[in-house]
Amino acid sequence: MGLFSFTQEIAIDLGTANSIIICDDQVVVDEPSVVAINVADNRMVAVGRKAQQMIGKGGTLIRTVRPLRDGVIADFYACEMMIRGLIRMIPQHNRLFTPSIRMVVCIPSGSTEVEIRAVRDSSEHAGGRDVYMIYEPMAAAIGMGIDVESPEGCMIVDIGGGTTEIAVIALGGIVSNKSIKIAGDDFNQDIVEYMGRMHNLRIDEPTAERIKIQVGAALTELEDAPEDYWVIGPNKVTALPMKVPVSYQEIAHCLEKSITKIEGAILQALESTPPELYADIVKRGIFLAGGGALLHGLAKRLTDKITIPFHVAEDPLHAVARGTGVALKNVNNFGFLIR
C-alpha cells in the first residue's frame, strides 16, 4: 500500500478459531482469533499467535480471550481490540496516519440482525469507514471458483471453528441454508473429554487442537493412515506426568457423535432443497471448505453415507477468505453483499 494511498481495502474472514486478512489479493495476516488483555488497565498486550501462546499462562495479570464463540461475537470489546491488532499486522500498514478502510467481513449464514449489527459495529470501531458483509458459504463458493450467479445450484458445507454452514446457492443467492453450532471447537472438546475418560490424562484445548490436526479422522480405516501422536500431560488422579500414544482410530471413535450431527444437518438441508437444484447438486457434488474439511477420511465418509460425491476445496482453510477478497473487488457488482 503506497504512502499516500488514502483508502485501504481489506477482506476479513473473522473466524472463531482463525482470522485471515486479504489485502491486494494476498493473504497478509493468518492468525488465531485470540487476544491477550492486561487485567489492570484493559490494554491489549498481544494478538494472534503471541496471545495464543499465553493461554493458561498469564495468571491473574493477563486475560486471554477468544472474542468469537460459535461464529458470533461473545466479547465486543475484545473483538474490537483484536481487529485493530490484526489490521496493524498488515505489512506496510500506514502508521503515519489512519487511512480510510473499506472492508468486507464474512459472517455465518444463520446470523441474526443483532449479530450482524455486532460485527458491523466492531468493524467500524476498529477503523472501518465502509463496511460490507458476506455470508460464509457464499464466500467459500466464490473462493473455490464457483460461479455463484449462474442458475445451476451448488451446495457448500463449510466446517469452521464455531459453526458448520451448509448452504445451497444459485443465481447469486442462498436458496436454503442450515447453520449448526457443531464444528472444530466441539471436536476439540470431544478430544479433551475422551483423553480424560479413556487415558486419565488432563489436556487443554490447544493440545486437543494439535491432536485433531495430526490424527483427526472420520473413519476407523484409512488408506494413508497418519502415525500415532504422542501426548504428554498430567495424570488426572496422581498429577504425575504421562506420555500416551493416540491413534487416528481412537479419534475417529471420539468424534463419531459430532460428525453424525453434521451428517444429519446436511441431510436436512438436502430435504429442503428444491428438486431442480437437487438434481444439479447430485450432478456436481457437494463442496467442503473450512478447517474441518481437512479431517482424514471425512469426504469419503460423507460420500459413502449420503451417496453424493463430496469434493474438498483446494485450500479449504483459505477458501472463505479468498472469496471475501474477490467480493471486496466486486462490491459494486455483487448484489448479495450486506451493507
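User: Which residues does Asp185 touch, not counting residues up to four places away in sequence?

Analyst: Asp185 touches Thr16, Arg66, Arg69, Gly161, Gly162 and Glu205. Contact means heavy atoms within 4.5 Å. This is a predicted model: local features need pLDDT of at least 70, side-chain atom pairs count only at pLDDT 80 or more, and totals for chains, interfaces and linings use all residues. Residues are numbered from 1 along each chain as its sequence is written, and side-chain values use heavy atoms, without hydrogens and water.

User: What makes Asp185 count as buried?

Analyst: Its relative accessibility is 12%. Buried means under 20% relative accessible area, exposed over 50%, and partly exposed in between (1.4 Å probe, protein chains only). So Asp185 counts as buried. Asp185 lies in helix 5 (residues 184–199). Helices (H or I, at least four residues) and strands (E, at least two) are DSSP runs, numbered from the N terminus.

User: Why are helix 5 and helix 8 called roughly antiparallel?

Analyst: Their axes cross at roughly 155 degrees and come within 9 Å. Axes are lines fitted to C-alpha atoms, for helices over the stretch in contact, and angles run from 0 to 180 degrees between N-to-C directions. Under 35 degrees counts as roughly parallel, over 145 as roughly antiparallel, 65 to 115 as roughly perpendicular, the rest as oblique. Helix 5 and helix 8 are therefore roughly antiparallel. Asp186, Phe187 and Asp190 in helix 5 meet Ser258, Ile259 and Ile262 in helix 8 (residues 256–271).

User: Arg66: buried or exposed?

Analyst: Arg66 has 17% relative accessibility, so Arg66 counts as buried. Arg66 sits in the loop between strand 6 and strand 7 (68–69). Among the residues that Arg66 touches are Ser33, Val34 and Asp185.

User: How do you know that the side chain of Arg66 reaches the backbone oxygen of Thr16?

Analyst: The distance is 3.0 Å. A polar contact is a pair of N or O atoms within 3.5 Å; within protein, one must be able to donate a hydrogen and the other to accept it, and residues adjacent in sequence count only if both atoms are side-chain atoms.

User: Why does Asp75 count as buried?

Analyst: At 19% relative accessibility, Asp75 counts as buried. Asp75 is in the loop between strand 8 (72–73) and helix 2. Its side chain reaches the backbone nitrogen of Tyr77 at 3.3 Å. Asp75 also touches Arg63, Val65 and Pro67.

User: Why do strand 5 and strand 6 stand at the edges?

Analyst: The open sheet has 3 strands in the order 5-4-6, with antiparallel pairing. Strand 5 (44–47) and strand 6 (62–65) each have a single partner strand, so one side of each has no neighbour in the sheet. Two strands pair if DSSP finds at least two bridges between them. Strand 4 (residues 35–38) and strand 6 are joined by 4 bridges. Val35 has Val65 in strand 6 as its bridge partner. Helix 2 (residues 76–88) packs on the sheet, touching strand 4, strand 5 and strand 6.
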